[in-house]
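Please look over the sequence and the structure shown here, and then read the briefing that follows.

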Amino acid sequence: MSTAERRALVTGASSGIGAATVRRLMADGWDVVAAARRKERLTALAAETGAEAYALDVTDDDGVARLAQHLAATGGLDAVVNNAGGALGLDRVEDSDVAGWRWMYEVNVLGTLRVTQAVLPLLRAAGAERGVADVVTITSTAAHGAYEGGAGYTAAKHGEHMLSQTLRWETAGEPVRVIEISPGAVATEEFSLVRFGGDAARAAQVYEGYTPLSAQDVADAVAWAVTRPDHVNIDQLTIRPRAQAHNSKIVRAG
Ligand code: 8X3
């Protein structure tokens with residue numbers, strides 16, 4: 001599939017996997033709308049890559065609807081990369097904070113639902129015209145298993161996984177592919193910092209003693225999945241560092 005004149009929306013684009021995906025798709029010749037809450041954080045990325053910076057909070061119904069209108073009025077959409085999301089805390093179930101779970105559901109599950117619902121008509125139209133369009137969702141290996149302290153995040157990611165699975169059943173036969181990319185440990189600027197409430201030392205420990213994935217590794221997987229021949233759907237792709245066999249099994253040096 002040629003990427004010439006194809007347009008992608010990437011959410012959570014201000015850092016990490018989102019920013020790397022914007023860079024990779026722009027380098028591959030896509031037009032990219034880079035969306036994130038903090039538009040000022042997108043300015044440098046937009047200047048560097050030529051992507052369009054768009055302020056979006058995936059928890060805001062009206063904001064998501066406005067984005068869909070903007071996309072419809074400015075050329076439509078060939079692919080969405082649902083990347084906005086995150087984890088809060090590493091608390092046992094008995095100690096979990098309901099507000100933290102609510103935030104994780106709101107951003108990971110409902111944010112993906114909101115954005116996907118809003119742009120699906122545009123993707124259907126693009127697919128009908130050009131052969132295929134893509135819904136890509138960045139879940140996590142946490143979408144496919146459990147680990148101690150992870151229940152809020154794993155439950156939300158399992159929800160996102162089932163959203164993706166169900167949408168694939170519902171759109172089978174249409175020119176819309178539904179793709180789930182599930183990364184393991186990825187060293188990004190923010191994921192673990194957010195999870196541990198800004199505790200930089202604790203966040204850094206997550207990636208010590210082995211080579212974690214980079215955001216670029218995941219962006220490469222996205223770019224590969226959306227450029228398969230039109231009849232090929234990469235349902236779900238797990239990608240981990242070589243030193244990781246499970247969320248809780250990482251072999252560290254020393
Ligand atoms: C991040 C991977 O192991 O922290 O999505 O759940 S993990």
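By class, the shell around the ligand holds three nonpolar residues, five polar residues and no charged ones, where Ala, Val, Leu, Ile, Met, Phe, Trp, Tyr, Cys and Pro count as nonpolar, Asp, Glu, Lys and Arg as charged, and the others, Gly among them, as polar. This is a predicted model, in which local features need pLDDT of at least 70 and side-chain atom pairs count only at pLDDT 80 or more, while totals for chains, interfaces and linings use all residues. Residues are numbered from 1 along each chain as its sequence is written.

**Around the ligand**
- The residues surrounding the ligand are Ser 140, Thr 141, Ala 142, Gly 150, Tyr 153, Gly 184, Ala 185 and Asn 247, a residue being near a molecule if its C-beta atom, placed from the backbone, lies within 6 Å of it.

- Strand β2 covers residues 31-36, and six of its six residues are buried, which for a residue requires 20 or more other C-beta atoms within 10 Å of its own, with C-beta atoms placed from the backbone.
- Both faces of β2 are covered, with Asp 31, Val 33 and Ala 35 buried on one side and Val 32, Ala 34 and Ala 36 buried on the other.
- Strand β1 (residues 7-11) runs parallel to β2 and is joined to it by five bridges, and two strands pair if DSSP finds at least two bridges between them.
- The chain crosses from β1 through helix α1 (residues 16-27) to β2 in a right-handed β-α-β crossover, meaning that, with the strands pointing away from the viewer, the path from the first strand over the helix to the second runs clockwise.
- Helices (H or I, at least four residues) and strands (E, at least two) are DSSP runs, numbered from the N terminus.
- β2 is also joined by four bridges to strand β3 (residues 52-55), and these two run parallel.
- Val 33 stands opposite Glu 52 in β3, while Leu 9 stands opposite Val 33 in β2.
- A right-handed β-α-β unit is made by β2, helix α2 (residues 39-49) and β3.

**The nonpolar core**
- In the largest nonpolar core, which has 70 residues, Ala 34 and Val 218 touch the most other members; such a core is a set of buried Ala, Val, Leu, Ile, Met, Phe, Trp, Tyr and Cys residues joined through C-beta atoms within 7 Å.
- Helix α4 (residues 98-130) gives the most to this core, with 10 residues.

Note on methods. A residue is buried if 20 or more other C-beta atoms lie within 10 Å of its own, exposed if 12 or fewer, and partly exposed in between; C-beta atoms are placed from the backbone.
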